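The following exercises ask the reader to work from a sequence and a structure to a description of both.

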Amino acid sequence: MCLAELVEKQFGHDAWQQVLEAAGVPATRKFLMIETTSDSDFENLLLATGQVLEWSEEQTSRAFGEHWCTVFAPRLYAQYFKRVTNAHDFLLQMNGVHGRVAQGVPNINAPAFEYEDGGPGRLVMKYCSERNLEELWIGLIQGVGKAYNERLVINRLAKNKVEVLFAGPA
Ligand code: HEM
């Protein structure tokens, strides 16, 4: 699982074992790459990661989001990264992509996004999900910027609404 990879790579295997222990998840449990981890397991693991690494929930969610977009997703979902050439267009296709990946898959409850497209330099994006993983969502947006080597300025307009300014190469 991607969170395991992030923690192990940056802090070592022992740190991940501590996270599993703190989350009450058996250390022998294997998470498959494409398996959907249950919501409570996922939240527990994020919280426990924060405890072990002494990170706030916000820091953990953002680090996870960045790692997911720059390391994990380009491997697993290369086709979505290749078919657009910039962060703006990648974010704009996310509502369609989530709708499609969720189609016909039991237990998947993907988020939806609404946009106000302000041309190539600006995008207003709204996150709609019952899970309220806003910090993760913002981490993922930051990660999209990194994936395309662009500098993004993210201004929070509301809890679940941001303005993203695309400020050129990173
Ligand atoms: C190729 C790119 C992507 C694919 C294929 C993808 C696919 C998925 C899938 C399969 C889930 C799990 C749904 C579930 O288990 O119920 C998910 C969750 C999620 N995705 Fe993506 N995703 C991608 C990129 C992004 C990006 C760039 C963002 C943010 C801008 C994002 C935001 C989220 C959030 C916040 C969740 C958590 C679930 C929720 O809030 O309801 N994803 N995504």
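Residues are numbered from 1 along each chain as its sequence is written. The model is predicted: local features need pLDDT of at least 70, side-chain atom pairs count only at pLDDT 80 or more, and totals for chains, interfaces and linings use all residues.

**Exercise 1. The chain as a whole**

Task: State how many helices and strands the chain has, and in what pattern they follow one another.

Solution. Begin with the count: there are eight helices and four strands. Helices (H or I, at least four residues) and strands (E, at least two) are DSSP runs, numbered from the N terminus. Next, read along the sequence, which gives the pattern α-α-α-α-α-α-α-β-β-α-β-β. The radius of gyration, taken over C-alpha atoms, is 16 Å, close to the 15 Å that the globule rule gives for 170 residues, so the chain is as compact as a globular protein of that length. The globule rule is 2.2 Å times the number of residues to the power 0.38. Finally, along the principal axes, the C-alpha atoms fill a box of roughly 50 × 35 × 30 Å.

**Exercise 2. Helices α2 and α3**

Task: Determine at what angle the axes of α2 and α3 cross.

Solution. The axes of α2 (residues 13–23) and α3 come within 8 Å and cross at roughly 125°. Axes are lines fitted to C-alpha atoms, for helices over the stretch in contact, and angles run from 0 to 180 degrees between N-to-C directions. This makes α2 oblique to α3; angles under 35 degrees count as roughly parallel, over 145 as roughly antiparallel, 65 to 115 as roughly perpendicular and the rest as oblique. For the contact, two residues qualify if their C-beta atoms, placed from the backbone, lie within 7 Å. Ala15, Gln18, Val19, Ala22 and Ala23 of α2 then meet residues of α3 including Asn44, Leu45 and Ala48. By class, the contact of α2 with α3 has eight nonpolar, four polar and no charged residues. Here Ala, Val, Leu, Ile, Met, Phe, Trp, Tyr, Cys and Pro count as nonpolar, Asp, Glu, Lys and Arg as charged, and the others, Gly among them, as polar.

**Exercise 3. The shell around the ligand**

Task: Identify which helix gives the most to the shell around the ligand.

Solution. A residue is near a molecule if its C-beta atom, placed from the backbone, lies within 6 Å of it. Of the 22 residues around the ligand, Tyr77, Tyr80, Pro111, Ser129 and Leu140 come nearest. Helices α4 (57–76), α7 (94–102) and α8 (134–147) each supply at least two residues of the shell. Helix α8 gives the most, with five residues. By class, the shell divides into 17 nonpolar, four polar and one charged.
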